[in-house]
Amino acid sequence: MTGGRERDPAQMQPPPVFLERQSYRRRRLMDAARLLPILGAALFAVPLLWPNAGEGGVRMSVAITYVFGVWAALILISAGFGIAARMVQPGDQAEAERKP
Amino acid sequence: MSRRVLLIEDEPNIAEAIRFLLTREGWQVETHADGADAVERIASAAVDLVILDVMLPGKSGMDILRELRDREDTQTLPVLMLTARGQSRDRDMAEKAGVSRFMTKPFSNIEVLTAVRDLYAQASQT
Amino acid sequence: MTSLNVLVAVCLCYVVLLFGVAFAADRWASTSRSTWLRSPLVYTLSLSIYCTAWTFYGAVGYAARSGLEFVTIYLGPTLVMIGWWWGLRKLVRVGRSQRVTSVADLISSRYGKSNTLAVCVTILAVIGVTPYISLQLQSITLSFNIFAEADPGESYVEQSSAFWVAAGLAVFAILFGTRNLDTNERHHGVVIAIAIEAVVKLIALLAVGIFVVWGIAGGAVDTLARIDASAIGQWQVNHGRWATITFLAAAAFLCLPRMFQVMVVENDDERHLRTAAWAFPLYLFLMSLFVVPIAVVGLEILPEGSNPDLFVLTIPLGQGQEMLAMLSFLGGFSSATSMVIVAAMALSTMVSNHIVMPIWLSAKGGGASVSGDVRSVVMYARRVSIAVVLGLGYFYYRMSGGGAALASIGLIAFAGIAQILPAMVGGLFWRGATRTGALVGLTVGFVLWLFTLLLPGMGPEVLAPSVLEQGLFGLSWLRPQALFGIEGLDPMVHSVMWSMSLNAAAFCIVSLLSFPSPLERLQGAQFVNVFEHSAGPRGWTGSVAQSEDLMIMSQRIMGAREAQEFFQAEAAAQGSRAFLPEPTPVFLERLERELAGSVGAATAHAMIGQIVGGSSVSVEDLLAVADESAQLLEYSSRLEAKSAELGRTARKLRDANEKLTQISLQKDAFLSQISHELRTPMTSIRAFSEILRDTDGLERVDITRYAAIIHDEALRLTRLLDDLLDLSVLENGQVTLNLGQGMLADILDRAASTVLTGTPKPLRIRRNSGSEQVVLQTDLDRLTQVFINLISNAQKYCDAADPTLTVSVHDVGGRVVVDLLDNGSGVPADAQKMIFEKFARVGADKAGGAGLGLAICREIMQRLGGDITYLPGQGGGAFRVSLPLGLEIAAQ
C-alpha cells in the first residue's frame, strides 16, 4: 500500500508525512484488532489452570468476577478499536485495505 | 381406346409444338413441366409412352429415367428422350439408363412422329 | 393469578404487534431509503437469534447443574465477533459479492457450484436443526404449563398447544419470509421483528435478574455471598468440555443456517460488523450476567425438585410478581419464536433452492429458460418447506415425548452443524480445497457425529446398548463413546474431537490428492482473494448494462481491438447502428465460443453465465480474473495469433481452390450450356416452321400464333448472342467507355422506367431522392444497363406477395454505394458465391435469360472502377453497387 495520497485525489495537498503516519497508524490498529481474539482466548483459558473443587478451590464469586471482568474488558477494547478505526479512517475508505 | 402420351417438358413452346403434332396423329397428350414429381406423375398416369426432356427443373431427365427403370410398373414403359445439349456423353448415359429412343433438339417433326410410331408399335407387339 | 386466557391473549397481541412492525418495516424498506432499518444496531440485535429459548430458560438450568460451564456457549461467539477482522469480515464480503443465499449455497458456490454438496449441507442442516426447533416448541409449551398449573380452572392440553404454536410460527414465517422473492434473500420486516424480540428478551432477563439480585438476595455483595454458599459455590468444570464447548459455540455461530441468514445474507453493509464486533458480545454479556444469581436464588428458595430450566418464570411467579412473570414469559416466547422463524426461513431457502428446484427443473426438462412461472414455483416450494420443517420439529417433539432428552439436544445440534466448518474455513482461506475434499470431509464428520453423539443420545430404542458397550459388530474399537479404544472422555468431547479432527483431516488429504474443475478453481480464487477482487463495500447492485460489461470483460481476454471488432460486427449483423449488440442468445453463444478460444470452454461459460445471469460473481470479480488470465495467456496468445493467421491463409487458399474447381466445372459445362441455350429456341423455331410448312388447313389464328412464337424465339436467340458478345467484349477489355456526367437519380429513373413499362408483374420501388443527388462521371449507358439488370432481376425473382425494392444511396469513404434490397427470400447461401458467374441461375427457374445478366453487370462495374456484390443477411435479395465519384479507370 502506498499511502492515502494516491487514493484520494481530493486531498492532494496535505503534507505526505502526516498521511503516511495515518496509514501507518491504521495498519498497527488492524494488527492490534487481530490480536484481540487471541488474547481473549488465552485469558478465557486461564480458569483451566485453577484447581477444581476441594482443598484450595476457587470460590464461585471469584470465578464469576474473573470471567465477566475479562469479558467486559474485551468488549471495551473492541469498542475502542471501533471508535479509533472510525477516527483514523474518515469516510468509507476503511475497506480499501489489504487482505488479512 | 385412344393412345396416350405423357410429355415432360418445361419449355412451353416446345411442348405446344409436340402436342400439336401428336394430337393430329390421334394421341391423347398430357403435359407436365416439373421434374421433381415426374416419376409419380408417370406411374399414376398409366400412359402408353413418355417423352422426356433432359434439362428439367427439380430433377434431371436422366434421374427420372433411372427411377422409372427401377420400378416394376414402369420398367418396360417406352421412353423417348429429348435433349438440347447434344453431346455424345449424354446419349451414352441415357442408353445405359435404359432409354428407348434418344433424340437431339432441334428435331424435325417427322423424326419425332416416326420415333413415336415405332415405339408404340414395338410396345404393342410384346 | 394470571389466567391462561389472558396469557394467550397477551401472546396474540404480541404476535399481532410483531406482524404490524414487520409489515410496516417491509413497506418502509420498499418506499423510502430509511436508514434506521439498516442501522448497525438493528443488525446487532438481529444477531441475537443466537440466544434461543435454550439460552433464555436453559442457561439458568445449565448453571444450576454445571456451574459456570454455561458461559462457554457465549464465549465462543464473543471471540468470533471480536476477531471479526480474521474471518467474519471475509465471510460477509464473500457472501455479498457472490450473492450467497444460504450456508449450503456458500459451500456449493465455493466448490464449483456443486449441487451435491449443497444437498449434503442442506440435509445436515435439517437433521441438526429440527431437534433444535422441537426444543423451542418444548420451551414454549413448558412455559404455558407453568401458568396452567397455577391456574387449575383451565383445561389445558400440552400436545395441542405445541401444535398450535408450531402452526402459528409456520404462518408467521411464511407470511414474512416468502412474501416476495427477493434475489438478495433479504427480509427487512422479519429482521426488524426479531430485533424487537431481541430487545424484549434482553429486558425480560435483565428485569428478572435485577429483581432477583436486588429484590430477593439483597444486593450484589449479598448475592455473591449466597453464590459462594450454594451447591455450585466452587469453581468446578470439566476442562475438556470448557475448551470444546467454547470451540463448538464459535463454530456453530458461523455455521448455523439461521446465524448465516442474519449475519451474512441479511447484512446490508459490511461496516455494520465494526459495531456488532463489540455490541453483540455486550448483548451476550448482559444475557449471561444474571444467570448464576438466578440459578442460585432459585435453588435456594424454590422447593426441592423444581425444574431449574424454568427458574426464570417460577421465581417471579413464586414471589407473586405476575407482571414480571408475564414479561419473562414474553422474553422466552420471543427467544423461541425468533429462532424458529429465522431457522425455518433459512432451511426453506436451502431446501427449495437445492433440493426442490433442481428436481423440478429436471422434471420440466430445461424449461427454466422459457417458462415464466419459476418464481411462483420457488415461492410455493419455500412455503411448503417452511411448513415441512416446522412439521418435522413438531413430530420430533411428539416422538421424543418432550422430556429431558430434548434438553441436551442443543449442544448435539451444535456439534452436527459444526461439521460444516472445515469446508467453510478451508474454502475461504485455501485455494487448494476441492469439492471432493469437502464432500468426503463432510461425510466423515457427519457419520462420526451421528454414530458417536446423535444416536447414543437418542436412547436405547435407537442404538442398542450392546453396541454402546461392545462396539459396532462387536468390535470394541468401534464403541460409539470410546472410538479406537480412547476411553474416559466426556462423550461430547470425545465426539467433537474425533468428528472434527477426522473431518478436517479427510478434507485436507482428499483436497491435496484430487484435482479441481476449472469452475472450482475460478470460484476458489474468487473466495480466497475476495478482497483483491471486490472494491470496497458495495450495495447490492441491480441489473447492469450487460453488453457493456461483456465488452469490458472481452477486451481483457481477447484484446481491445479484436473485441471491439467482434462486437461491432455482431451489432452490424443484428442490423443495429449502435456500437454494442443486444445480448441475444445467438450473440452470447458466439461470444462464448470466441472467449472459449482464449480461456477454455468452462470458464467462458461461467463468465458469460455470470454476467448475463447476474447471479453470483460480480463483474469486478470477473475482471480481476480476466486480468489474471490475460497475463497467463500473453505468451500462448501470441502463438495462437500466428497459428490463427496460418489458419486464415489456409482457409483463403481452400476458398480459392473451391472456387477454381467450381469455375473449371462451369467452363466445362460452358459449351454444353451454350449448346442448350441456342438449341432450345432453335427447336421451337424449327418445329413451328415445319408445322406451318407441312400442315394444311391451319386456322388463321393458329398461323399468327405460331408465327409469333417463331418471332419471339428468334428474338431470344438474338438477345442471347448479344449478351454473349457483350460479355466476351467486356471480358477481353476491348470495350470503349463512353464517359459522361450525370445525376445518379436520373440514371435510376431511366433504369426503373425501362424495366417497369409494359410489364404485367408489379414491383414497387422505394427511393430516397434526396440522397440520390450525386453527380457521377462515368459511362452512363453502361451503368444504366447494370441497374436495369438488377431491377429486372428483382422483378423476376422477388417472391414476396407485394414485391418491393428499396434503393438506398450512401457515401462510404469517397465512394457512392447504392444498395438494392428486395423483400423476397433472397439468394440461398450456397448459391451466393456463384451468382456472378456465367450461366449461373438460382434454382431451375426459367424466368430469366441465359444467366448472363449478373456476369455482365460485374464486368461492367469492374470496367467502371467500381464493384457489385451480394449482401448476405439483409432479409431479402440485396445487391450493393459501389463506384467512385469521379472516374478512376486509369490504366486499364
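**Before starting**

Residues are numbered from 1 along each chain as its sequence is written, while chains are lettered from A and ligands numbered from 1 in the order in which they are written. Because this is a predicted model, local features need pLDDT of at least 70 and side-chain atom pairs count only at pLDDT 80 or more, whereas totals for chains, interfaces and linings use all residues. Here pLDDT is the predictor's confidence in each residue, from 0 to 100. For the complex, the predictor gives an ipTM of 0.91 and a pTM of 0.58.

**Stop 1: chain A**

Chain A has three helices and zero strands, in the pattern α-α-α along the sequence. Helices (H or I, at least four residues) and strands (E, at least two) are DSSP runs, numbered from the N terminus. Of the 100 residues in chain A, 15% are buried. A residue is buried if 20 or more other C-beta atoms lie within 10 Å of its own, exposed if 12 or fewer, and partly exposed in between, with C-beta atoms placed from the backbone.

An unreviewed UniProt entry lists both spans under "transmembrane region". UniProt positions are given in the numbering used here, feature names are shortened, and annotations may be inferred rather than shown by experiment. Residues 32-50 of chain A are 74% helix and 0% strand, with the end C-alpha atoms 28 Å apart. Residues 62-84 of chain A are 100% helix and 0% strand, and their end C-alpha atoms lie 32 Å apart.

**Stop 2: where chain A meets chain C**

Display chains A and C together. Here 35 residues of chain A are in contact with 37 residues of chain C; two residues are in contact if their C-beta atoms, placed from the backbone, lie within 7 Å. On the side of chain A that touches chain C, the elements that give two or more residues are α2 (16-45) and α3 (60-88) of chain A. Which helix gives the largest share of this side? It is α3(A), with 14 residues. This side of chain A divides into 24 nonpolar, six polar and five charged residues. In this count, Ala, Val, Leu, Ile, Met, Phe, Trp, Tyr, Cys and Pro are nonpolar, Asp, Glu, Lys and Arg are charged, and the others, Gly among them, are polar.

**Stop 3: chain B**

Now display chain B beside chain C. Between them, 18 residues of chain B are in contact with 18 residues of chain C. Helix α1 (residues 12-24) of chain B gives the most to this side of chain B, with four residues. The side divides into eight nonpolar, six polar and four charged residues.

Select D53(B), which an unreviewed UniProt entry lists as "modified residue: 4-aspartylphosphate". D53(B) is in strand β3 (residues 49-53) of chain B. Is D53(B) buried or exposed? D53(B) counts as buried, because it has 24 C-beta neighbours inside 10 Å. Leaving aside residues up to four places away in sequence, D53(B) touches I8(B), E9(B), D10(B), G61(B) and L82(B).

**Stop 4: chain C and its confidence**

Select chain C, which has 35 helices and nine strands. Buried residues make up 45% of its 892 residues. Colour chain C by pLDDT: the mean is 77, and 78% of its residues reach 70 or more. Confidence is highest in helix α5 (residues 72-82) of chain C, at a mean of 89, and lowest in helix α29 (residues 601-613) of chain C, at 56. Over residues 534-545 of chain C, pLDDT stays under 50.

**Stop 5: a sheet in chain C**

Finally, select the open sheet of five strands in the order β4-β6-β7-β9-β8 (chain C), which has mixed pairing. Two strands pair if DSSP finds at least two bridges between them. β4 (764-767) and β8 (867-870) of chain C stand at the edges, each with a single partner strand, so one side of each has no neighbour in the sheet. β4(C) runs parallel to strand β6 (residues 804-812) of chain C, and four bridges join them. One bridge partner to locate is T804(C) in β6(C), paired with R764(C).
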